[in-house]
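User: I would like to go through this model and ask, for each term used, what the term rests on.

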Amino acid sequence: MNPKNSPIDIYIANFPWGKYVAGDEGADVCISSWNRLAPNTMPSLAKSGANYMNSQLIRMEAEANGYVEGIGLDVNGYLSEGSGENLFLIRNGVIYTPPLANAALSGITRDSVLTSLVISAFRGGAVLARELIYISDEVFFTGTAAEVTPIRSVDRILVADGNVGPITRQLADEFFGIANGLKPDRFGWLTPVNVNTEQPVTV
């Protein structure tokens with residue numbers, strides 16, 4: 001039970017991925033009955049394999065009930081994050097995301113979206129009650145695999161009219177534009193890798 005002197009192994013799995021969160025025009029998600037990790041149980045800011053058991057329970061329950069993804073609340077009932085994504089809400093033009101203290105991972109894509117925000121109306125430190133998600137104008141996920149994924153409905157309640165909102169679309173366009181090299185890399189995110197096309201690339 002003491003892993004201090006155990007060897008560390010690294011492996012890389014390479015397999016077809018596809019779209020991580022299904023739904024081209026928005027994902028249909030639910031609030032999970034599984035809470036996110038409580039403080040002083042495990043370090044929720046760590047992206048460790050052990051923490052993913054909680055994420056697996058959230059995702060499996062969602063899929064078993066006909067949703068593509070679940071959202072976990074923290075132990076006090078406040079919004080936290082999806083099984084593998086950070087959560088953003090927009091209401092009356094103001095953008096919210098749960099603070100890290102609500103058992104949310106400090107995601108790279110979350111930070112990228114916060115960095116690229118061209119809208120000044122952002123409140124990132126507010127604790128978000130569950131019911132706020134049902135009356136939001138726009139909701140979306142961010143994540144390494146999810147990238148920027150709009151959410152169409154929560155617990156079968158449509159987010160606004162069920163269409164991708166203008167702020168979500170604007171943020172997604174900015175994020176994908178920089179990530180795909182279609183817009184200037186204003187933040188120094190990309191590292192060019194010069195590969196000569198004549199060089200063989202091994203699998």
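User: Which strand gives the most to the lining of the largest cavity?

Analyst: In this predicted model, strand 8 gives the most to that lining, with three residues. The elements that give two or more residues to the lining are strand 7 (138-143) and strand 8 (147-154).

User: What makes a residue count as lining the largest cavity, and which residues lie nearest its centre?

Analyst: A lining residue has an atom within 4 Å of a cavity point, and 13 residues line the largest cavity. Val139, Ile151, Asn163, Val164 and Gly165 lie nearest its centre. By class, the lining divides into five nonpolar, four polar and four charged residues, and the space inside is about 50 Å³.

User: Why is strand 1 described as largely enclosed by the rest of the structure?

Analyst: Buried means under 20% relative accessible area, and four of the five residues of strand 1 (residues 27-31) are buried, so strand 1 is largely enclosed by the rest of the structure.

User: How do you know that strand 1 pairs with strand 8 and with strand 2?

Analyst: Pairing requires at least two bridges. Three bridges join strand 1 to strand 8, in parallel, and aspartate 28 stands opposite serine 153 in strand 8. Strand 1 and strand 2 (residues 69-73) also pair in the parallel sense, over three bridges, so both pairs meet the requirement of at least two bridges. In strand 2, glycine 70 is the bridge partner of cysteine 30. Between strand 1 and strand 2 the chain passes through helix 1 (residues 52-64), and this β-α-β crossover is right-handed.

Terms used:
Residues numbered from 1 in each chain as written. Predicted model: local features only at pLDDT ≥ 70, side-chain atom pairs only at ≥ 80, totals over all residues. Heavy atoms only, no water. 1 Å grid on protein atoms, 1.4 Å probe; cavity = no way out; pocket = protein on both sides within 12 Å on 5 of 7 lines; lining within 4 Å. Points joined across faces, edges and corners; volume = space filled by probe spheres on them. Nonpolar A, V, L, I, M, F, W, Y, C, P; charged D, E, K, R; others polar. Buried < 20%, exposed > 50% of the residue type's maximum accessible area, 1.4 Å probe, protein only. Right-handed = clockwise from strand over helix to strand, strands pointing away.
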